[in-house]
Amino acid sequence: MQHVHAFGDDALGESDTVGLVGRLRSGEVSPAELVEAAIARTEAVNPQLNALAYRAFDRARETARQSHGGDTGYSGFFQGVPTFIKDNVDVAGMPTMQGTDAWQPHQAAADGAFAKLYRSTGLIPLGKTQLSEFGFSASAEHPRIGAVRNPWNTDYTAAASSSGSAAFVAAGVVPIAHANDGGGSIRIPAACNGLVGLKPSRGRLPLDKDLRAMPVRIVFNGVVTRSVRDTAAFYAEAERISRNTTLPPIGDVRAPGAQRLRIAVITQSIARETSAEIRELTLKTAALLEELGHRVDYLDRPPVPAHFADDFLLYWAFLATALVRGGRRMFGPTFDRTRLDNLTLGLDRHATRHLYRLPLAVARLATVRRRHTSKLYGDYDVVLTPTLAHETPRVGHLDPTASYEQIIDRLMDWVAFTPLQNATGEPAISLPLAESAAGLPVGMMFSAPLGQDARLLELAYELEAAKPWPTIAARA
């Protein structure tokens, strides 16, 4: 097994984000020292991980200098902590390439809605991280850009689409990075890289303009971190800057909740089999919950109809068609669809063949929470499932140069649990509570009713204390 990490005796050390904030405030380290350490770490491990999409190191250095002087215009809680932003949201002065090389890069004129909030927290972006093409695959393995590799073992995928962010956080390059999730892409790379990944409730964080225009808003911004307190602190700070008053507040969650919860455990997805190893690890997590005093019931399957998976795939494919057919309008005259990978082009063909079914699929996706999952949460506070139906695959398992039929079958087989919360808008968090026989992290996913993000964070604190998860540095 080849571990790749950058933890060392520099300004970053092994501190998480909240720990760095404390060290910054005490004067032990400066923003400039943290940024320089993160740049050095990026350069040390990126050749093996291939997680970097765009470097903005000099700009980060200048922001750190201004941060030390207090004249950045921002005064966020994380002032001076280095980070990365996933390369599918607009950041002023940086290109947005969406994980592809199908057009010539050009710099965004202004921050998108999410980048504006993210930078207002005081985090200093060092650049942008790699993803799968348009975020469609659960493994970033572009035929020309290359694969993003898992720092726990570089023979395996770092998962996607937020693969670059997760690989860098797990490897210790930065303690926190932006991720977003249209079918599991906060939770999936968190699961595969041993991180905390919360997909928040719909409307909790802002979306860029193109994502707000979706008929069903299935994409959610967030972060990946190594500790629960970092994720909780990020949402507390984001809420301080811009709160959606239609949702219950998260608040400043710093400890486990006292309430014992009613938890449903589901180990079987709607239409695909879960591996024996993943099922067993999920049952062990359920046993831990019982030991902690929670009431646990075992259910057969998620309470949604079998056609949900086909509806979600068709809607996902429709998004690909919008990008493929509207590429020149969206990305400029250099857009070349022949440079897109087989998954993107196959999704376009799938949507075109089944376009007559799209209105019904969209209507059913828009009502899945009201008709189905809301009934489940009438009886339970939280639902536990595995984050993924199978162990992390090796690089090449989701090779985008293979036939569309092979890719989509393997993709749907692996990513069988996460899309439901993208359709319902309900919050879900992946925690690295297990380990596969191959020694790779395995995520367990907890979901809750719309707006109950704080409940998931309180449970996450309790599970982190009961079963702490290791970092790569501890295992290397």
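This is a predicted model: local features need pLDDT of at least 70, side-chain atom pairs count only at pLDDT 80 or more; totals for chains, interfaces and linings use all residues.
## A tour of the sheet and its helices

Ala434 stands opposite Val442 in β15. Here two strands count as paired if DSSP finds at least two bridges between them, and the element names come from DSSP runs numbered from the N terminus, helices being H or I of at least four residues and strands E of at least two. Residues are numbered from 1 along each chain as its sequence is written, and side-chain values use heavy atoms, with hydrogens and water left out.

Strand β14 (residues 428-435) pairs with strand β15 (residues 441-447) in the antiparallel sense, over six bridges. Both belong to an open sheet of eight strands with mixed pairing, in the order β8-β10-β9-β14-β15-β13-β11-β12. At its edges stand β8 (176-181) and β12 (295-299), each with a single partner strand, so one side of each has no neighbour in the sheet. On average, neighbouring strands are turned by 25 degrees against each other, direction ignored. Helix α17 packs on this sheet and touches β9 (196-199), β13 (382-386), β14 and β15. The direction of α17 makes about 15 degrees with that of β14. Contact here means heavy atoms within 4.5 Å.

Two packed helices are described by the angle between their axes and the distance between the axes. Axes are lines fitted to C-alpha atoms, for helices over the stretch in contact, and angles run from 0 to 180 degrees between N-to-C directions.

| Helix pair | Axes come within | Crossing angle |
|---|---|---|
| α8 (residues 228-241) and α17 (residues 453-466) | 9 Å | roughly 160 degrees |
| α4 (residues 113-120) and α8 | 9 Å | roughly 110 degrees |
| α1 and α8 | 7 Å | roughly 75 degrees |

To put words to the angles: under 35 degrees counts as roughly parallel, over 145 as roughly antiparallel, 65 to 115 as roughly perpendicular and the rest as oblique. Helices α8 and α17 are therefore roughly antiparallel to each other. Their crossing is left-handed, a term used if the near helix is turned anticlockwise from the far one by less than a right angle, with clockwise giving right-handed. On the α8 side, Val228, Arg229, Thr231 and Ala232 make the contact, and on the α17 side Leu457, Ala460, Tyr461 and Glu464 do. These residues divide into five nonpolar, one polar and two charged. In this scheme Ala, Val, Leu, Ile, Met, Phe, Trp, Tyr, Cys and Pro count as nonpolar, Asp, Glu, Lys and Arg as charged, and the others, Gly among them, as polar.

Helices α4 and α8 are roughly perpendicular to each other. Here Phe114, Leu117, Tyr118 and Ser120 of α4 meet Phe234, Glu237, Ala238 and Ile241 of α8. By class, this contact has six nonpolar residues, one polar and one charged.

Helices α1 and α8 are roughly perpendicular too. Thr17, Val18 and Gly19 in α1 meet Arg229, Asp230 and Ala233 in α8, a contact of two nonpolar, two polar and two charged residues.

Helix α1 itself spans residues 17-26, and its buried residues are Thr17, Gly19, Leu20, Val21, Arg23 and Leu24. Buried means under 20% relative accessible area, exposed over 50%, and partly exposed in between (1.4 Å probe, protein chains only). The buried residues of α1 pack against α2 (31-49), β8 and α8. Just after α1 comes Gly27, with a positive phi of about 85 degrees.

In strand β3 (residues 124-129), six of its six residues are buried. Strand β1 (residues 52-55) runs antiparallel to β3, joined by three bridges, with Arg55 opposite Gly127. Strand β2 (residues 82-86) runs parallel to β3, joined by four bridges, and Ile85 has Lys128 of β3 as its bridge partner.

The loop between β3 and β4 (141-142) holds Phe134, whose phi is near 60 degrees, a positive value in a residue other than glycine. With 10% relative accessibility, Phe134 counts as buried.

Ala159 lies in the loop between β7 and α5. Ala159 is not a glycine, yet has a positive phi of about 70 degrees, and at 0% relative accessibility Ala159 counts as buried. Ser161 is also found between β7 (153-157) and α5 (163-170), and the peptide bond from Ala160 to Ser161 is cis, with omega near 5 degrees.
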